[in-house]
Structure formats: C-alpha cells, structure tokens
Amino acid sequence: QVQLVESGGGLVQPGGSLRLSCAASGIIFSIYDMAWYRQTPGKQRELVAAITSRSSTNYTDSVKGRFTISRDNAKNTVSLQMNSLKPEDTAVYYCNATSPLNRRITYRGQGTQVTVSS
C-alpha cells in the first residue's frame, strides 16, 4: 500500500519559514519523481516545486528564490523549505509521487495546511 504522509505545516507570520516533509512508503522512492502542490478553496491545484529521481528541480515562478525542494532517498523523504513566506502562500500543500515508468501512475498525500498570517 502506497502512503505519502506530509508534516510540518502550521501558522507562521509573513516573512517566516516552514519546512514541510513527506515520508513515502510502498514505492521504490528513489526512482519516483516527487513534487509539492498546493491548493486553496476555489482555485486550481498548483504545482509549487518538483524534483526528479536525478534531483533536477523546478519551481513555479512565485516561489523561486524562496522555496527549496530536496529529497533523501535513504530516508524516503522529500522536503520543501519555505522561506520569506507571504500570505498568498497560504494553502493546503500536498506531496505527490509520479512513476517514471508510467506518468499516469501518481500518488498524493492527505495534505498539510500552511497559513501565513499576522
């Protein structure tokens, strides 16, 4: 059974930092492409950051220079370091795993709430 379990969300003031983590099980983590998405009510889900099995990364423009995605294949985890947080970063953040063998095979965690507010 595949499980992706996010942690690290919470309430933070503008300009603050949070680190999200996602622990994966039930997949050969090292070969999967991993990503973080976010969603707010009434909006489409947005790709925030992605990291391939070879650790190539990409980010949506609004988080470039502020967020960093990384992975630890030994621990089957992917993380998202979020700095200089803004109110518009408020969303539920989801961890996503995509099979490199069949791009239609994807898994998503339950999500973790991030709220940026003073």
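**Sheet, core and selected residues of the predicted model**

Gln3 stands opposite Ser25 of strand β3, strands being DSSP runs (E, at least two residues) numbered from the N terminus. The model is predicted, so that local features need pLDDT of at least 70 and side-chain atom pairs count only at pLDDT 80 or more, whereas totals for chains, interfaces and linings use all residues. Residues are numbered from 1 along each chain as its sequence is written, and side-chain values use heavy atoms, with hydrogens and water left out.

Strands β1 and β3 pair in the antiparallel sense over 5 bridges; two strands pair if DSSP finds at least two bridges between them. Both belong to an open sheet of 4 strands in the order β1-β3-β8-β7, with antiparallel pairing. Because β1 (3-7) and β7 at the edges each have a single partner strand, one side of each is left without a neighbour in the sheet. From one strand to the next, the twist averages 15 degrees, with axes fitted to C-alpha atoms and angles running from 0 to 180 degrees between N-to-C directions.

The largest nonpolar core comprises 27 residues. Such a core is a set of buried Ala, Val, Leu, Ile, Met, Phe, Trp, Tyr and Cys residues joined through side-chain atoms within 4.5 Å; buried means under 20% relative accessible area, exposed over 50%, and partly exposed in between (1.4 Å probe, protein chains only). The residues with the most contacts inside the core are Met34, Trp36, Phe67, Val78, Leu80, Met82 and Tyr93. Elements giving two or more residues to this core include β3 (18-25), β4 (33-39), β7 (67-72) and β8 (77-82). Leu80 touches, among others, Leu20, Trp36, Val48, Phe67, Ile69 and Tyr93, residues up to four places away in sequence not being counted; contact means heavy atoms within 4.5 Å.

Arg38 lies in strand β4 and is buried, with a relative accessible area of 7%. Its side chain makes a polar contact of 2.7 Å with the side chain of Glu46, and another of 2.9 Å joins the side chains of Arg38 and Tyr93. A polar contact is a pair of N or O atoms within 3.5 Å; within protein, one must be able to donate a hydrogen and the other to accept it, and residues adjacent in sequence count only if both atoms are side-chain atoms.

Ser30 is placed in the loop between β3 and β4 and, at 34% relative accessibility, counts as partly exposed. Beyond four places in sequence, Ser30 touches Ser53, Arg71 and Asn73. Ser30 and Thr77 are 47 residues apart in sequence and 9.6 Å apart in space, C-alpha to C-alpha.
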